[in-house]
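Here is a short briefing on charged side chains. Look at the sequence and the model first, then read the points below.

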Amino acid sequence: MAEAESMLLIAIDFGTSFTGYCFQFVKSKQIRQPKWGLEHGYNTPKTPTCILFDAEGKFLKFGYDAIMNYTRQIRKNEAKKLYLFDNFKMELYGKELHRDLEITAKNGGKMKAMKVFSESLKYMKEHALEMIGKHTSDMTFFASDATWVLTVPAIWSAAAKQFMREAAIEAGLVTQSEPERLIVALEPEAASVWCKQLPYDHFINEILKDAEKIEQAPGTQYMVVDCGGGTIDITVHEVVEHGRLKELHKASGNNMGGQTVDKNFKSFLREIFSNEIFDKFEENHPHELQKLMFEFLNCKCYDGNTLIPCPCSLQKLAEKEKDIEAYFKGSSDADWESESILLYGEKMRSLHDESLKAIENQINEILKKQHLNITYLFLVGGFALSPHVQKFVKEKFGLKCKVLCPVDAQLAVLNGAVTFGMMPNVVESRISVFTYGISEGQLFDAFKHKGKSKYVNKDGVEFCSGCFHCLVKKDESVSFSETKTYSFSPVERDQKDMQFSFYCTESKTPEFVDEQGMKMVGSFSVPMPNILKGGYRTVKLEVRFGSTEMKATATDADSGETTSVKLDFMCS
Ligand SMILES: Nc1ncnc2c1ncn2[C@@H]1O[C@H](COP(=O)(O)OP(=O)(O)OP(=O)(O)O)[C@@H](O)[C@H]1O
Ligand SMILES: *[C@@H]1O[C@H](CO)[C@@H](O)[C@H](O)[C@H]1NC(C)=O
Ligand SMILES: *[C@@H]1O[C@H](CO)[C@@H](O)[C@H](O)[C@H]1NC(C)=O
Ligand SMILES: [Mg+2]
């Protein structure tokens with residue numbers, strides 16, 4: 001299979017709620033993905049992000065299988081020993097990350113996050129390779145036959161993105177020695193790449209008039225709002241020549257995705273049935289709760305009153321206290337009807353309020369920027385299929401831009417990721433989220449460097465060390481197809497190496513590397529053995545600002561000695 005290396009692309013969308021993959025042979029136009037949950041009565045393009053380990057920490061199941069197996073074990077009272085993790089993707093959001101981070105399972109046990117993530121990816125990998133084998137008359141495929149695309153939320157920290165890359169290596173998608181076979185793509189970028197090439201008739205309730213894909217109209221500016229289970233992720237792009245994209249506003253978002261509606265629904269059930277009853281139900285019947293939440297998912301697809309079948313176990317628990325109908329007496333939000341909870345449309349809508357407000361604020365944050373001229377707003381992600389979300393966004397923003405939701409909104413990230421894998425340079429420039437720079441010694445300036453310690457070199461020249469030399473400023477547009485080059489001279493005539501320490505910060509005007517919020521993300525030194533030219537020597541520093549991985553290389557002009565480093569955003 002030597003040639004297959006660049007012929008097969010496999011993309012994994014590791015979602016907060018659902019995870020899936022799809023694949024494409026480069027020669028073929030068709031993108032394929034499996035259907036999940038058929039044997040359990042479901043049929044979804046992704047499977048729940050849920051993983052089960054045995055008491056010894058050995059991987060057992062993933063997705064629907066994990067939930068089902070866990071539930072069966074509960075009946076046999078074995079479940080307490082098992083490690084079940086769900087919703088764990090959000091564990092990487094908004095915290096200091098290190099490789100030994102532990103996360104907590106349902107049974108209270110702890111496990112390394114790296115293991116939980118890498119075992120999940122390994123499962124996806126094996127499922128995909130087997131599936132692809134079946135599609136190609138039982139040929140055998142290995143992970144090394146494919147280029148892998150793994151998507152991550154744009155609003156994640158650089159450390160979290162790096163964590164996923166390392167988990168993918170751990171899972172055996174690629175090896176350390178060929179990192180280029182793994183493309184870590186940003187979720188809303190993948191979605192954007194998908195949206196820009198959609199035919200005009202591919203949207204819910206809308207047909208674009210000019211039968212043109214927007215990628216054929218350079219100058220068009222559009223926004224992609226990825227409404228997932230966990231996060232709302234937003235990007236703004238402008239189409240430039242050859243259908244490539246330019247980022248106009250840095251990725252932004254929040255963690256108020258579709259799960260907030262589920263969370264509010266559970267709180268509502270607690271109000272109705274009491275915490276006591278619901279706690280018992282949650283603890284002893286997780287499978288029924290899962291089923292209930294799936295029923296609720298169906299109900300979320302409609303605008304209006306809905307009947308949600310009440311799980312037997314919940315009903316039984318409730319009826320131990322009083323007549324089931326009594327729980328709904330006096331409630332204007334819900335009623336009991338034909339063994340079901342009749343949830344009024346008004347209430348259903350209000351369960352969405354929190355999330356809708358967060359979506360509105362996030363979009364407004366961008367639209368208030370004067371220089372933008374956004375024509376289209378694409379709504380993608382599973383939560384975008386919600387009629388409440390669609391109606392709300394159209395009401396609020398329909399006059400400012402055309403709101404479009406692709407029919408396969410939940411697959412936008414996944415399908416886009418494969419397309420992204422075909423042309424990883426499709427986004428030619430991005431807005432930098434941080435300021436990046438290195439530590440340098442500057443000629444001492446009594447005013448600027450007041451209070452800082454002085455360093456006097458052998459020629460008696462005074463320097464101030466630890467000054468911040470900016471490479472890229474926050475909010476600056478950076479081209480990603482090219483490498484930025486800088487040059488530096490040594491402080492001492494007879495200096496035999498030059499040390500580079502890289503820092504990042506959210507500040508736009510940092511001056512010193514010991515300022516608050518400054519983080520060292522890498523360092524190395526390059527040898528400069530020929531000292532003949534003294535202070536008139538130069539070291540060339542080249543930096544590639546990738547979206548998910550950054551690399552710096554320094555070359556001593558005289559000797560040609562070179563060293564490089566990948567910037568490391570995780571705490572060790
Ligand atoms: N038809 C629908 N109507 C309303 N909500 C839906 C529908 N389909 C899916 N959802 C909701 O969308 C969310 C899942 O969407 P998606 O698969 O895009 O999320 P994810 O990729 O797992 O999460 P994230 O992108 O935040 O990591 C869930 O909260 C689910 O309840
Ligand atoms: C759960 O999965 C394990 C490992 O695959 C299997 O041995 C066991 O029979 C399953 N249990 C149930 C009840 O499905
Ligand atoms: C805004 O974008 C539209 C569509 O791309 C374009 O026709 C129009 O000229 C733009 N307006 C301004 C002020 O740039
Ligand atoms: Mg998603």
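Asp323 is exposed, because its relative accessible area is 51%; exposed means over 50%, buried under 20% and partly exposed in between, with a 1.4 Å probe and protein chains only. This is a predicted model, in which local features need pLDDT of at least 70 and side-chain atom pairs count only at pLDDT 80 or more, while totals for chains, interfaces and linings use all residues. Residues are numbered from 1 along each chain as its sequence is written, chains are lettered from A and ligands numbered from 1 in the order in which they are written, and side-chain values use heavy atoms, without hydrogens and water.

**The negative patch**

- Asp323 sits in the loop between helix 8 (312-319) and strand 15 (334-337). Helices (H or I, at least four residues) and strands (E, at least two) are DSSP runs, numbered from the N terminus.
- Glu319, Asp323, Glu325 and Glu339 form a negative surface patch. Patch residues have over 30% relative accessible area and no salt bridge, and like charges are joined within 9 Å. Asp and Glu count as negative. The place of a charge is CG of Asp or CD of Glu. Areas come from the Shrake-Rupley method with a 1.4 Å probe.

**Salt bridges overall**

- Side chains of opposite charge can pair when their charged atoms come close.
- The structure holds 31 salt bridges. Each is a side-chain nitrogen of Lys or Arg within 4 Å of a carboxyl oxygen of Asp or Glu.
- Lys250, Asp475 and Lys508 are joined in a network of salt bridges.

**A buried pair**

- Arg181 and Glu178 form a salt bridge, at 2.9 Å from N to O.
- Arg181 counts as buried because its relative accessibility is 5%. Glu178 is buried too, at 18%.

**Pairs involving helix 9**

- Glu354 and Lys263 meet in a salt bridge, at 3.6 Å from N to O. This pair links distant parts of the chain, 91 residues apart: Glu354 is in helix 9 (residues 345-367) and Lys263 in helix 5 (residues 259-273).
- Glu354 is partly exposed, with a relative accessible area of 32%. Lys263 is also partly exposed, at 43%.
- Lys357 bridges to Glu360, with the closest N and O atoms 3.1 Å apart. Both residues lie in helix 9, three residues apart, about one turn of the helix.
- Lys357 is partly exposed, with a relative accessible area of 46%, whereas Glu360 is buried, at 11%.

Methods: Patch = residues over 30% accessible without salt bridge, like charges linked within 9 Å, V, L, I, M, F, W, Y side chains within 5 Å.
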